[in-house]
Amino acid sequence: LLHFSASASETMAPFKMAFQDSACHSSLRWEVVAGGSASTSPAGSCSSPTDGSFTASPVGSSRSWHGSPCHPDGAGAEEFLTDELSAHVDELERLAERLDEQRRRYEMRRRHGSASRGRWSTRLAQLACEASRVALREASAEARELSLAAAECTRCGGGLREDADLKGTAGFEVALKAARDRLAEEIERGRALGLEKAELETAERERRKLHSAIQSLRGQIRVYCRVRPMSLKERAAGEAEVVSVHGGAAVELSGQSGGLFHFDAAFAPGTQEEVFAEAQDLIQSAMDGHNVSVLCYGQTGAGKTYTMYGSPEEPGLVLRMVGDLLRRAEGGRAHLAVSLVELHSNRISDLLADPPMGAAGDPARPSLSLGRRDAHSDEIRVVGAEERPLRTVLELGELMQLSTSRRAAASHALNDGSSRSHTLLTVRVVQPGAGASGGDVESRITFCDLGGSERLKRTEVAGEHAREAIEINRSLSALSDVIEAIVTKRRHVPYRNHKLTQMLQDALGGTAMTLLFVNCSPTRASAQETLMALKFASRAGRVSNA
């Protein structure tokens, strides 16, 4: 409140006062000017006539109060200010009520919108599930029809590798793969949408049947040929190139004893990615419960180890296939374990176990034996071989480096560091609860890097190394007999002829899928070894020699 007094005989000096009502947090601001001439300000206005009276008005108000400075109590000022403050408080309360009403309406709209969104989300999810069911049924029906067609083709003795009407069979294979991939995508989509387990299992059975039909049409044993490029040393020595690849599936060996050999695929030399693409289907076979084997055959220096293990910059089949297997096993769908053994001079050694020291202070790796898995099984296992859990590709790479340093090797005329043994890297895959009755599904992938198949006189070795070469050729001959017996569907398969074929018994024949890579050298000096490798391949499957 304003309060001032002045003597009537005095001339009041000009003065200006301002205040703000902070109690109600409004912007009510007063300015009072007394004495002198009339004046105005942005915050308020007042005028002072010559008789000493004054006029004051609040900011933003059309009302004003007229008083006289001669009155000792400033009569009427208190009532005027109280009315103004009350009016502003009332206005603020009405504003607050409107804000509360708007807030309530907003909250109602928000809750209503959330409920509507929830209902629409539920409905959209239901529609997505229905669409997935329809697509799953259609893809399953298509897969069922193609599976029957593929089975009929197999019964009639046909196959995807027959030379006649190759374009037609290739188109049929493309249709089979497209149907399988579509069904696999619909299964994954249905699993993500939460479809019933029974629906997914029915579709999964159809996918497995179609995948098995594709593998059966392609052959239980698939044979690929890979021809390495000429080395700089060979070119500098003037070596002639006598091996060529035609059409991605035929290999020609020049010379009187040569010919044209047809394969499932041929690479000259092809990239590691292209080679892996041909073997990738076998990973799904392993996830479906089938045993799988990958073998590399050929003379020393033909590229077997590069195809199997590769290099740090270009990984081979082992790292690529196991990496894909680990990706498919994510989320606890499967557990992997690895073992790595060597067959050297008909003696089995564990490359993962730390060998005890011998009497001379050198590592003495004990010899392991073969035995049945259990009393009720015909599966052959290496008794006492160490098996390690496998979780990452990096772990596998470290184990491979360890085994390479422990593998038997020797120098001869063809290679300064030739491996003188066969190595078998086995990855065991266990899928908990994936069986039809809720049991576990177990399968194995075996990678076999075979010893060099060259003739003894070309190695120019003697003594112990000569006996090693003889033993390698004996084991390869036994392997050739087993593969031929499987392909020709003989009643008796001679697995017992050698330890190598006994170790591979579960990986060859039965429902197992086998991929055989025949690695060749392109030089004329190696033409005889190349011919032997191509003839070995001709016995390994439905491969024709023209």
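Me: Which residue stands opposite Leu 260 in S10?
Reply: Glu 252 does. Bear in mind that this is a predicted model.

Me: How many bridges join S9 to S10, and do they run parallel or antiparallel?
Reply: Look for bridges between the strands, then for direction. Here four bridges join S9 to S10, and the two run antiparallel.

Me: Along strand S10, which side chains are buried?
Reply: Read the strand residue by residue and sort the side chains by face. In S10 (residues 259-262) the side chains alternate. Gly 259 and Phe 261 point to one face and are buried.

Me: Which residues of H9 are buried, and what do they pack against?
Reply: Buried means under 20% relative accessible area. In H9 the buried residues are Leu 396, Gly 397, Leu 399, Met 400, Ser 403 and Arg 406. They pack against helices H7 and H8 and strands S13, S17 and S20.

Me: Which residues have the most contacts inside the largest nonpolar core?
Reply: Leu 479 and Leu 504, in a core of 44 residues. Helix H11 (464-487) is one of the elements that give two or more residues to this core. H11 gives the most, with seven.

Me: What does Leu 504 touch, leaving out residues up to four places away in sequence?
Reply: Leu 295, Leu 424, Thr 446, Cys 448 and Leu 479. Apart from this core lies another, of 41 residues, and Met 400 is among them.

Notes: Residues numbered from 1 in each chain as written. Predicted model: local features only at pLDDT ≥ 70, side-chain atom pairs only at ≥ 80, totals over all residues. Heavy atoms only, no water. Buried < 20%, exposed > 50% of the residue type's maximum accessible area, 1.4 Å probe, protein only. Contact = heavy atoms within 4.5 Å. Core = buried A, V, L, I, M, F, W, Y, C linked by side-chain atoms within 4.5 Å. Pairing = 2+ DSSP bridges.
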